[in-house]
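Here is a brief report on a structure. Please read it alongside the sequence and the 3D view.

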Amino acid sequence: MRRTPAAAALAVLAVSVLGCQESDPTSVEGSLVPVAPQTVEVVLSWDAFGDSVQILGGFGSVDDLVLDVVALDFRGELDARALVRFGNFPLGASVTDPSGTTRTDTLFSFLGGRVVARIDTFRTKIREPLDLSLSVLREDWHSPSATWEVKVDTVLDRTPWDEPGAGPATPVASARWDPAAGDSVVFALDSATVALFADTTGIRYSARIDMLTPGAMVEIIGFDLRLDARPSLNPDTVVVLNAPEDETTFVFFPFPEPPPDGIRAGGAPAWRTILALDVPRVLNGPSSLCDQVGCPFELTPERLNHASLVLTSRPSQPTAFQPTDSLLLDVRPVLVPERLPKAPLGPSFLNVFGLAVDPDVFGETAGVRIPITVTEFVRALLDPESADEAPSTLALLSLLEPFTIGYGDFDGPGDPGEPRLRLILTASDPVEIR
Amino acid sequence: MKRAGPHRAPASGVAAFLLAVGAGFLHLCPAPLSAQSVASGYGFGAPLEALGSRALALGGIGMGLTGTELNPQDPAAAADVVLPAIFVTSQTSWADVTEAGQASDFTTTRFPSLGLIYPFAGVGTFMLSFTGVLDQTWRTSEERLLTLEGSGTQARVTDFFQSEGGVSALQVGYARRISPRLAVGVTAGSYIGTLTRTFRRSFDSLEVETDVPDFVVGGTWNYEGFFGTVGATWEVSDIARLSGSFSLGGELEGDPTESTDGARLLVQMPNEYRVGGTVLLAEGLNLSAGVLYADWADAGGDVPGVEGTTVLKLGGGVEFTGARILGKGAALRFGYRNGDLPFRRAGDPEVSESAFTGGLGLNLLEGQDVLLARSDFTLERGSRDAGVFEEDFWRLSVTIRVSGF
C-alpha cells in the first residue's frame, strides 16, 4: 500500500522536471518597455576635464631590451652601436682521435672564428645590402648603465668613455648583410682577435658593432662567437666551438628630450605621461546633450556607459625614434601622485595585451585618434562613495618598459589634437511599477 | 453529502512521501514561480487562481464542491475536514503566442498554492495557505539602430526589459460547521511578494568602436497589504450544496526598496464575489458550476498606463467518482470556463480567456473510511485573446493531498 504514494511522488517529480525547462513569457511588443532611455555621446575638450600633464622618463634600461640597435645617421638623427661581451670559451669538446676513439679534448689551438649577428628581419624594412663593422673594445663597460657618453653610470662610479660612442675601439672586421640572403651577418676573425676574446686573466675584451651604411638602422636579435679550433687529440681536423654572448647592450646618440607640449609613452629608457584629470560632476552642455536629456546633467556612474581618453598621434620627435613595431600602450591609475616619479601604479584599465597602436601613426599617417578606454576610472571618480579615495591621475605608458627604443608621441593640451574625453551617456526616467 | 467528525488517524509512511514531494518542489526548479502568460506584460500582472487541480478541472471557480477542500476563496469548504492535511499544487504550462504577427512559445512551471489544514475536534478547522495572486513575470527585448546624439554614430543596441516576481498571499483561516446544513469560514491574509523590474541597454561594441558596458536601470518593490474572505456553505438538500464567499480586496502597497528610484504604488484591490454549487445527478456523478465577479477598475486606475476591467468568470464541470484504477478509487472530471482577465493596457481590448478541462483524481491511500493521500491531475486546453496577442496553451496541474501525519 505504501508503494502507491511513492509512485505518485515520482510522477509529480517527473512532471516538475519537465516543467523545469523554463522560458519566461517573452513579448515582442517593444512598446511594453516602460522607460525610454536616451543615449548621447559627448566629447569634452581638455579644458573641461584635464588638470595637468607631466612627462617622466628613465624607466628601465636599454640593457633590458631583447634587441640591440645599430644605426648610422638614421633619418639624419640617430647613431647607435651595439656592444657585446662573449662568455667563456668551451673548456672541452668530444673529439675523435686517429684511432677512432671519441674522447674529451681540453687543449685546442684556435685558428680563427666568426661573430654571427642575427638581424630582426621582421622589423627591419631595409631591402638593400648594408655594411657593418666589428671592432674590438678594450674598455670594460657596465651593461645596465652604459650610454653614448659613459661606460659606467652608477651611484658611486660615473666613468665616461675615452671617446663618446663607446670608444676607442679597433676595427677588426667588416661584413655586408644582404637582406635577400638571410638574417645573419658574419664577421670573420683571425686567430689574434679570437685570442683577445679568450683572455680572461685581465681586461675582458668585447666587440662593438657599427653601422657603416649611412642612413641605415637594423635591430639585432643576438650574437654568437663561432671558433675554429684544432684539437690536440687529432691535429688534422678542425672543430667548431661556440661561445655565446654574455652581455649585450647598445649606446645611441642623441638622447631624446621630452616634448615641451606633448604626450609620450614608450622608448628605452621608457617614457611615461602623467595626466591629472578633474572630471566634472555636472555637465551644462553641449547642446546635443541638453536638448536630449536636459541640463544641468548630473554625471553619475550609472549614467556613464563609456569613457575613453582620445589621444591624437603625431610624428615621434626625433623621427628616428618612431617605433618599428606596434606600440603596446597601457593606462594605469597613479595611486600616490605625491611620490612621482616613483609613485606606485594601480592595475591596468586595459586587457593584458594592452592597446596595440600601429607604428605608422607616429610617422607617415600621424594625426590618428587613439581612444583609450578609462570607463572604470571615470566611474570611480563619479561615485560618491569612492570619489574621495579614487585616483584622479592616470599614467600612460608602454605595456612593457622598455619594449623598444621607439616611442609614441601625441598632441598635448592646446594642440589641435589635444586630449579629449569621449563619454557615452544614457539617461532614463526611473522604472516604475505597473 | 457525507460528513464525518474529526479524529486522529494513525501515523503512516507518508513522511517519506512528503519529503520527496517537498524536496522536488523546492529544489528541482530554479524558478519555482514563473509567469503563465504574456498578458503579464500588458497590465499589472496576470491573475493566479489559488485553486487546486480538482477545482480547475470543474470549471475553475471552485465554490461548493463536494468533499473537503482547502480553498482560501471558499473557506467554509474545510469545515468538515477530519484529518490534518497538506496540499501542494504544481502547474506546468506550454504556450504558443502570436503577437504583432510574430510567433513564440514558452514553458513555465509554478506552484500556485501550498496549504495546510488542521482540524480540532469540537473547535473547528484551522487553515494556513500560501498562494499566488498576480503573476508579473515577463520580459521583452527589442533590437534597433540608435543614433548617438552629439556624434551621429550609429550604434546597434538591444533594449531588454524584464519583470520578475509578483503578488502572493499568506493567509490563515478558520472554518466551522454551525448547523447540520450550514458551515462558515473566514480567512485573513497579507499580501506579500517582491517585484524586480530591470531595463538593460546593450551596445554593439563594434559599432561604438569600443566595449561599452550595459546601461542598467530598475528597481525592486516589496508588496504588503491586508485582505480577508468570509464564506458559507449551505447543504441545500442531500443532493445539492451551495457556497458563496466575499473577499475584501484591501489595499496593496508596492514599497520600493532603498535603492529604487521608482515611486511607491498603492492599488485598491477589488472585492470579489463568488457563488457556486454542486448537484448530485446520479450515484457518483456530480455537476458543479460557479461564477466569479470582481471589478478591477479601481485597481487599474491606480496603475499608470493600465486599465482595469470588470471580470465575470463562469465555469462548470461534471465529476464521476465511481471509477477505479489499479484497485484504487478514482474520479474523472470534465469542465469549461470562460472569463476576462482583470487588466489591459490603456486603449487595448480586454483580454479574454477560455479553456476546456479534463481531470483525473486518484485516491492513493485510504484507510478506515478516510482518505490519507490523493492526487489530482488536470489538463487544460485554452486560449487567451487580447486583440494585440493570442495565446494558446496547454496546462497540466497536479495537486497532492496528504493527510494523517
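## Chain B overall

Chain B holds five helices and 22 strands. Helices (H or I, at least four residues) and strands (E, at least two) are DSSP runs, numbered from the N terminus. Of the 405 residues in chain B, 53% are buried. Buried means that 20 or more other C-beta atoms lie within 10 Å of a residue's own, with C-beta atoms placed from the backbone.

Contacts in chain B with a separation of 6 or more were also sorted: 66% of them join residues 24 or more positions apart. A contact requires C-beta atoms, placed from the backbone, to lie within 7 Å.

## Basis of the model

This is a predicted model: local features need pLDDT of at least 70, side-chain atom pairs count only at pLDDT 80 or more, and totals for chains, interfaces and linings use all residues. Residues are numbered from 1 along each chain as its sequence is written, while chains are lettered from A and ligands numbered from 1 in the order in which they are written.

## Helix H5 of chain A

Helix H5 of chain A spans residues 375-382. Six of its eight residues are buried, so the helix is largely enclosed by the rest of the structure. They are A:Thr375, A:Phe377, A:Val378, A:Arg379, A:Leu381 and A:Leu382.

These buried residues pack against four strands of chain A: E21 (304-314), E22 (327-333), E24 (369-373) and E25 (393-398).

## A:Gly266

A:Gly266 lies in strand E17 (residues 263-266) of chain A. A:Gly266 is buried, with 29 other C-beta atoms within 10 Å. Leaving aside neighbours within four places in sequence, its contacts include A:Trp271, A:Pro323, A:Leu327, A:Ser398 and A:Tyr407.

A:Leu304 is 38 residues from A:Gly266 in sequence and 30 Å away in space, C-alpha to C-alpha.

Notes: Buried ≥ 20, exposed ≤ 12 C-beta atoms within 10 Å, placed from the backbone. Contact = placed C-beta atoms within 7 Å.
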